[in-house]
Amino acid sequence: MTVHPLLAELALRAGARAHRTVTACSCRAATLADRPDATVVRHADTVAKAHAPGTDPAALAPRLALAAGLPDVLLAPLAATPAELHGRLVTFWPYGDPVDPADPDAAPWEAAGALLARLHRIPAPAGLPPMRGPAKAAHAVARLTAAGPHPAVAAVVGAWRALPAWARAEAPMPEPGAVCHGDLHLGQLVRHPAPDGPWRLIDVDDLGVGLPAWDLARPAAWYACGLLPPDEWTRFLDAYRAGGGPAVPASGDPWAALDVAARALTVQTAARAVTKSAAQGRSLDEVEQCLVDACARMGSVPPQLAADSAK
Amino acid sequence: MQCPKCHAQMHTYNRNGVQIEQCSNCRGIFLDYGELEALTRVESQWSQPAPPPPVAPQAYPAAPVAPAWGAPAPHGGGHHGGGHYGGHHRHKSFGHMLFSS
């Protein structure tokens, strides 16, 4: 991996945070992520994150404040306000142990469900911006259509256009909203303190007020597409219900509440997969094809609009 | 009752909760008034979990409900909700997907 100036300085800042000094140390900084939308560096017990270019400081501040005030659910930042570095907003976090990507069977589905239920039940603080889930889905679809023709585009875009405007980030989400994470996946859970502390949610970039079903929708989409085994879906959903999560009815069929968001997440994941496969000049693999096939099937079944979300 | 076509004995079967008579000889099927509509209704609700069979005890717990646009049920399986799951070995691509936005 090439070390660009932001990465190098981020490592230096994380080191300075970790040791409260700028003198040389023998630790080696580890790059946890270096994507266009985020660069994340770990140094000892400190993690520094450079947020996406163009991140609005006025939107990040209340998200950070919420994490700082909700340490039982979200990993709390080390500093309440972001620093600025190479034109990017930088936040500092304690290191937490992630789910081992090599062992997704060890995924803490119960903890994920319970944490989301707790998050969804807190009253939304004044000034918290909207959850960014629909905006991210719209972004994925925009990138897909910009990437040029592909045989899967029609199915994915067709499923997208059938969604209500709020799910496409073209209208406000249904009221009343709950506090949502906005981008739940297994990379968003860490144990703090490492290695065996309680599980916490990380990544506040998409946190905000919105339809809580969105946070359940990615596992729901995986399950619906035949990718996530039924028992893992059940563990997640049952833990969420046991925690009194408001996104779905306490018992019975949850799909009226989940349908639109799960469709949106299926479309988003399919759009990302098709864009990625095209960029790599390869055909869709079996898993990616499952997502596109699900999008194609959506055309014959109109979205279930829950009574209070039919906008 | 007797088959109106070949006059052999007809037997009663239960299909998705609908009683139908089938001829033991020519296999022809006799439907009472409303039964065709009942079968059509059941077919259109194929995504919903089927009512439990009247006799056979359920050997496995029913799979959780899935949407109608979900993956088709695995061959031979009585439940709906996904035909893949990857068995013991998750597909590498899905393993990656679990951790990405």
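Predicted model: local features only at pLDDT ≥ 70, side-chain atom pairs only at ≥ 80, totals over all residues.
**Entry 1: the hairpin**

I started with strand β1 (residues 30-35) of chain A, which pairs with strand β2 (residues 38-43) of chain A in the antiparallel sense, over five bridges. I then looked at what lies between β1(A) and β2(A): two residues, and the pair forms a hairpin. For R35(A), I found A38(A) as the bridge partner in β2(A).

**Entry 2: a three-stranded sheet**

Next I looked up an open sheet in chain A, made of three strands in the order β6-β8-β9, with antiparallel pairing. Which strands are at the edge? I get β6 (97-98) and β9 (199-201) of chain A, each pairing on one side only. I also checked how strand β8 (residues 189-191) of chain A is joined to β9(A): three bridges, with the strands running antiparallel. One pair I wrote down is V190(A) with R200(A), its bridge partner in β9(A).

**Entry 3: domains of chain A**

For the contact between them, I count 13 residues of domain 1 of chain A against 16 residues of domain 2 of chain A. Which helix gives the largest share of the domain 1 side? That is helix α2 (residues 57-69) of chain A, with six residues. By class, I noted 10 nonpolar, one polar and two charged residues on the side of domain 1 of chain A that touches domain 2.

**Entry 4: a helix pair**

Then I turned to helix α6 (residues 213-224) and helix α7 (residues 230-242), both of chain A. They pack at an angle of about 155 degrees, and their axes are 10 Å apart. An angle over 145 degrees counts as roughly antiparallel, so α6(A) is roughly antiparallel to α7(A). I have the crossing of α6(A) and α7(A) down as left-handed. Who makes the contact? From α6(A) I list L216(A), P219(A) and Y223(A), and from α7(A) P230(A), W233(A), F236(A) and Y240(A). Sorting the residues of this contact by class gave me seven nonpolar, no polar and no charged.

**Entry 5: between the chains**

Last, I checked chain B against chain A. How many residues of chain B are in contact with chain A? I get 24, and they meet 30 residues of chain A. The side of chain B that touches chain A divides into 13 nonpolar residues, 10 polar and one charged.

Terms used
Residues numbered from 1 in each chain as written. Chains lettered and ligands numbered in written order. Contact = placed C-beta atoms within 7 Å. Nonpolar A, V, L, I, M, F, W, Y, C, P; charged D, E, K, R; others polar. Axes fitted to C-alpha atoms, helices over the stretch in contact; angles between N-to-C directions. Helix = DSSP H or I, 4+ residues; strand = E, 2+ residues; numbered from the N terminus. Parallel < 35°, antiparallel > 145°, perpendicular 65-115°, else oblique. Left-handed = near helix turned anticlockwise from the far one by under 90°. Pairing = 2+ DSSP bridges.
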